[in-house]
Amino acid sequence: MSTLSPIDTAKSVAAQRASELVETGMKVGLGTGSTAAFLVRSLGARIRDEGLDIIGVPTSTRTADLAREVGIK
């Protein structure tokens, strides 16, 4: 079992909070870096669990790949 460092925990919480502000129909900028990755995963969970329907605009190939992996258009 993996536990997050205090810094990664803070990043995860920030990403979760940001995810809660996203609503169906939005175009969402998806940044680059570890906090952005937490956000992308959180948005993917909302798409899967809540039917959130958004379009992502990634700033890097890595983020684009992760977004597709978790179901973000």
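Because the model is predicted, local features are described where pLDDT is at least 70 and side-chain atom pairs where it is 80 or more, while totals for chains, interfaces and linings use all residues. Residues are numbered from 1 along each chain as its sequence is written, and side-chain values rest on heavy atoms, with hydrogens and water left out.

Helix H2 spans residues 34-50 and includes phenylalanine 38; helices here are DSSP runs of H or I with at least four residues, strands are runs of E with at least two, and both are numbered from the N terminus. Leaving out residues up to four places away in sequence, phenylalanine 38 touches Leu4, Asp8, Lys11, Ser12 and Ala15, where contact means heavy atoms within 4.5 Å. The C-alpha atoms of phenylalanine 38 and lysine 11 are separated by 7.3 Å, although the two residues are 27 places apart along the chain.

Further along H2 comes serine 42, which counts as buried because its relative accessibility is 8%; buried means under 20% relative accessible area, exposed means over 50%, and partly exposed lies in between, with a 1.4 Å probe and protein chains only. Its contacts, again not counting residues up to four places away in sequence, are Ala15, Gln16 and Ser19, and with serine 19 there is a polar contact of 3.1 Å between the two side chains. A polar contact is a pair of N or O atoms within 3.5 Å; within protein, one must be able to donate a hydrogen and the other to accept it, and residues adjacent in sequence count only if both atoms are side-chain atoms.

Arginine 46 is also placed in H2, and its relative accessible area of 14% is why it is classed as buried. A polar atom of the arginine 46 side chain lies 2.9 Å from the backbone oxygen of valine 22, and valine 22 is also among the residues that arginine 46 touches, together with Ser19, Glu20, Gly51 and Leu52, when residues up to four places away in sequence are not counted.

The largest nonpolar core has 15 residues, of which Leu30, Leu43, Ile54 and Ile72 touch the most other members; such a core is a set of buried Ala, Val, Leu, Ile, Met, Phe, Trp, Tyr and Cys residues joined through side-chain atoms within 4.5 Å. S1, H2 and H3 are the elements that give two or more residues to this core, and H2 provides the largest share, six residues. Leucine 43, leaving aside neighbours within four places in sequence, is in contact with Ser19, Val22, Val28, Leu30, Leu52, Ile54 and Ile72.

In helix H3 (residues 61-69), Thr63, Ala64, Leu66 and Ala67 are the buried residues. They lie on the same side of H3 because they cover an arc of only 165° around the axis, the arc being that of the directions from the helix axis to the C-beta atoms. On the other side of H3, Thr61, Arg62, Arg68 and Glu69 are exposed. The cover over the buried residues of H3 includes strand S1 (27-30), H2 and strand S2 (55-58). Just after H3, glycine 71 takes a positive phi of about 95°.

Finally, H2 and H3 each supply at least two residues of the lining of the largest pocket, and the largest share of that lining, four residues, comes from H2. Among the lining residues are Gly31, Thr32, Gly33, Val40, Arg41 and Leu66.

Note on methods. On a 1 Å grid over the protein atoms alone, a cavity is a set of points where a 1.4 Å probe fits but cannot get out, and a pocket is an open set with protein on both sides within 12 Å along at least five of seven lines; lining residues have an atom within 4 Å of a point.
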